[in-house]
Amino acid sequence: MDLELNETQQLIADSARDFAARVVAPRAAELDKTGAFPTETVRGLAEQGLLGVNLASRWGGAEAGVVSYALAMTEIAKACASTAVTMAVTNMVGEVVQAFGSEAQREEHLPKLTGGEYLTGAFALSEPGAGSDAAALTTVAKKADDGWVIDGQKQWITNGGYAGLFVVWARTGGPGAKGISTFLVKKGTPGLTIGRPENKHGLRGSNTVPLTFDECRVPQSALLGEEGMGFRVAMMALDGGRIGISAQAIGIGTAALEAAVAYAKDRQAFGRPIADFQAIQWMLADSRTELEAARLLCLRAATLKERGAAFTREASISKLFSSEAANRVCNRAVQIHGGYGYTREFPVERYLRDVRITTIYEGTSEIQRMVIARSVLS
Ligand code: COS
């Protein structure tokens with residue numbers, strides 16, 4: 001792995017950092033407070049090429065690779081974790097269509113995803129009764145004369161209320177992983193109802209909804225990839241998505257560490273800045289070390305994906321370590337702030353709420369350990 005960024009990666013990281021500072025960060029506290037969706041910011045992300053960082057330029061993507069994507073994700077998450085997850089899922093949907101879609105599907109959907117016409121994409125795999133055990137999903141798609149009819153419920157669908165395109169997994173065959181297929185469903189398709197947004201602990205500026213499919217008819221051309229290969233499509237997409245969440249966690253953790261450093265230098269106790277005390281210094285040192293390790297794991301997984309090498313295990317290792325480390329880092333940042341860190345006056349309180357989900361979504365820490373353990377034992 002090359003530890004030096006190339007010109008493209010540096011350019012993407014710099015422009016994402018600049019956009020994050022100018023546009024994303026100033027709105028973060030307000031989004032958290034009001035739960036508003038960052039529509040204008042998402043349009044800005046599209047203009048910056050950040051809704052399709054790893055997509056080909058002929059589809060409107062930045063064609064900048066997976067490492068660039070991870071770097072950009074970290075920069076946006078450092079400014080606003082809610083905006084970052086909105087961006088992450090849209091990139092993930094674009095990559096699924098690019099990797100598994102027909103030429104016609106790519107042509108129809110990718111420019112609208114990268115250009116912001118769809119605003120966002122949504123990834124509809126989880127269900128009320130099937131999260132970690134994704135192969136147990138019960139939404140069905142039945143063949144009809146002119147296409148498919150989808151019935152069922154989806155849960156925890158990020159961007160669902162603002163997505164122009166949904167990637168939907170449904171059962172088209174028998175039980176288990178082999179009976180699942182993937183469909184592309186456009187917003188406004190009759191039979192698709194968007195539920196009420198969840199009232200979440202963190203990421204309050206992101207949109208998370210349940211979906212109901214009630215005799216939702218889609219044409220034959222909505223089938224993505226071959227019938228029955230849906231579970232593999234989901235797993236491969238999640239492998240990539242886990243690199244994104246790892247990068248997001250690193251961004252939130254970095255913001256928390258920077259806030260803790262600034263506070264520790266400023267806050268006086270016992271006649272001197274608390275940064276003079278070893279107890280505080282060791283917390284800062286541990287946080288810096290863990291974030292640095294997380295960054296290297298994340299860039300390693302991204303590099304493997306970019307080269308076309310196997311990266312399932314490395315993505316899980318990166319996601320597991322980064323998300324758990326970032327939770328520790330945010331916790332320490334609150335501790336360093338003392339009582340002030342527990343109030344909404346200081347951003348570390350938001351970082352701690354926002355970072356919490358990173359050990360849960362796109363595969364819990366327990367699922368990552370399962371993937372890693374299987375690989376260790378194989
Ligand atoms: N890439 C490609 N194919 C994969 C894969 C991957 N990363 N992981 C599994 N598969 C394939 C397997 O090779 C197998 O195919 P064959 O039957 O042809 O050999 C098939 O998929 C079934 O795999 P497996 O038996 O491992 O499935 P399990 O039901 O045991 O599930 C885990 C495996 C736990 C890894 C999976 O269910 C998972 O990742 N769950 C978490 C889901 C998640 O992250 N949800 C978050 C919400 S989505 S936003």
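Modeller: Let us start between two domains, with bounds from an automatic or database domain assignment: the count of salt bridges between domain 2 and domain 3 is zero, a salt bridge being a side-chain nitrogen of Lys or Arg within 4 Å of a carboxyl oxygen of Asp or Glu. This is a predicted model, in which local features need pLDDT of at least 70 and side-chain atom pairs count only at pLDDT 80 or more, while totals for chains, interfaces and linings use all residues. Residues are numbered from 1 along each chain as its sequence is written, and side-chain values use heavy atoms, with hydrogens and water left out.

Biologist: How many residues does the contact take from domain 2 and from domain 3?

Modeller: The assignment gives domain 1 (7-119), domain 2 (122-227) and domain 3 (231-377). Contact means heavy atoms within 4.5 Å, and here 14 residues from domain 2 and 14 residues from domain 3 take part.

Biologist: What area do domain 2 and domain 3 bury between them?

Modeller: Buried area is the accessible area (1.4 Å probe) that two parts lose on being put together, summed over both; for domain 2 and domain 3 this is about 1100 Å², 73% of it on carbon and sulfur atoms.

Biologist: Is Val97 buried or exposed?

Modeller: Buried means under 20% relative accessible area, exposed over 50%, and partly exposed in between (1.4 Å probe, protein chains only). Val97 counts as buried because its relative accessibility is 0%; beyond residues up to four places away in sequence, Val97 touches Gln105, Arg106, His109, Leu110, Leu165, Leu184 and Leu224.
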